[in-house]
Amino acid sequence: SNEACKGKIAFFMGIDYSEFIAPVHPGDQMRLEVDMPVNIKKVGKGEGCIYVEDRLISKTQMKFAIVDP
């Protein structure tokens, strides 16, 4: 974890890349996993995936800003 970011707020800034691989149906339980870089200053990029059970549904690369509350 990054101690410098504790207590701060992450604001979504944009999507660099996103791919939808399979549909999600009513009643599906989605699991979101996000990898955040450790060495963040003010702006960072993260990667996330959405799964239904063990099936990959979507993957995205996004930008965010870290600000004081």
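Arg31 and Glu33 form a salt bridge, with their closest N and O atoms 2.9 Å apart; a salt bridge here is a side-chain nitrogen of Lys or Arg within 4 Å of a carboxyl oxygen of Asp or Glu. Arg31 is partly exposed at 34% relative accessibility, and Glu33 is partly exposed at 39%. For these classes, buried means under 20% relative accessible area, exposed over 50%, and partly exposed in between (1.4 Å probe, protein chains only). This is a predicted model, in which local features need pLDDT of at least 70 and side-chain atom pairs count only at pLDDT 80 or more, while totals for chains, interfaces and linings use all residues. Residues are numbered from 1 along each chain as its sequence is written, and side-chain values use heavy atoms, with hydrogens and water left out.

**Other salt bridges**

- The structure holds five salt bridges.
- One of them joins the side chains of Lys8 and Asp68 at 3.2 Å, N to O. This pair links distant parts of the chain, with Lys8 in the segment before E1 and Asp68 in the segment after E4, 60 residues apart.
- Lys8 is partly exposed at 35% relative accessibility, whereas Asp68 is exposed at 55%.
- Asp16 and Lys63 also meet through their side chains, at 3.7 Å, N to O. Asp16 lies in strand E1 and Lys63 in strand E4, 47 residues apart.
- Asp16 is partly exposed at 38%, and Lys63 is partly exposed at 31%.
- Asp16, Lys45 and Lys63 are linked in a network of salt bridges.

**Fold and sheet**

- The protein has zero helices and four strands; helices (H or I, at least four residues) and strands (E, at least two) are DSSP runs, numbered from the N terminus.
- The four strands form an open antiparallel sheet in the order E1-E4-E3-E2; two strands pair if DSSP finds at least two bridges between them.
- E1 and E2 stand at the edges with a single partner strand each, so one side of each has no neighbour in the sheet.
- Strand E1 (residues 9-20) is joined to strand E4 (residues 55-67) by 10 bridges, and Tyr17 stands opposite Gln61 in E4.
- Strand E3 (residues 43-52) is joined to E4 by 10 bridges, with Gln61 in E4 as the bridge partner of Glu47.
- Six bridges join E2 to E3, and Asp35 stands opposite Glu47 in E3.

**Turn between E3 and E4**

- E3 and E4 form a hairpin with two residues between them.
- Glu53, in the loop between E3 and E4, has a positive phi of about 60° although it is not a glycine.
- Most residues other than glycine have a negative phi.
- Glu53 is exposed, with a relative accessible area of 65%.

**Surface and overall dimensions**

- Val24, Met30 and Leu32 make a nonpolar surface patch of about 280 Å². Patches are made of residues with over 30% relative accessible area and no salt bridge, like charges being joined within 9 Å and nonpolar side chains (Val, Leu, Ile, Met, Phe, Trp, Tyr) within 5 Å. Accessible areas come from the Shrake-Rupley method with a 1.4 Å probe; for residues, only the protein chains shown count as cover.
- Leu32 is found in strand E2 (residues 30-35) and is exposed, with a relative accessible area of 58%.
- Buried residues make up 23% of the 69 residues.
- The C-alpha trace spans about 40 × 20 × 20 Å along its principal axes.
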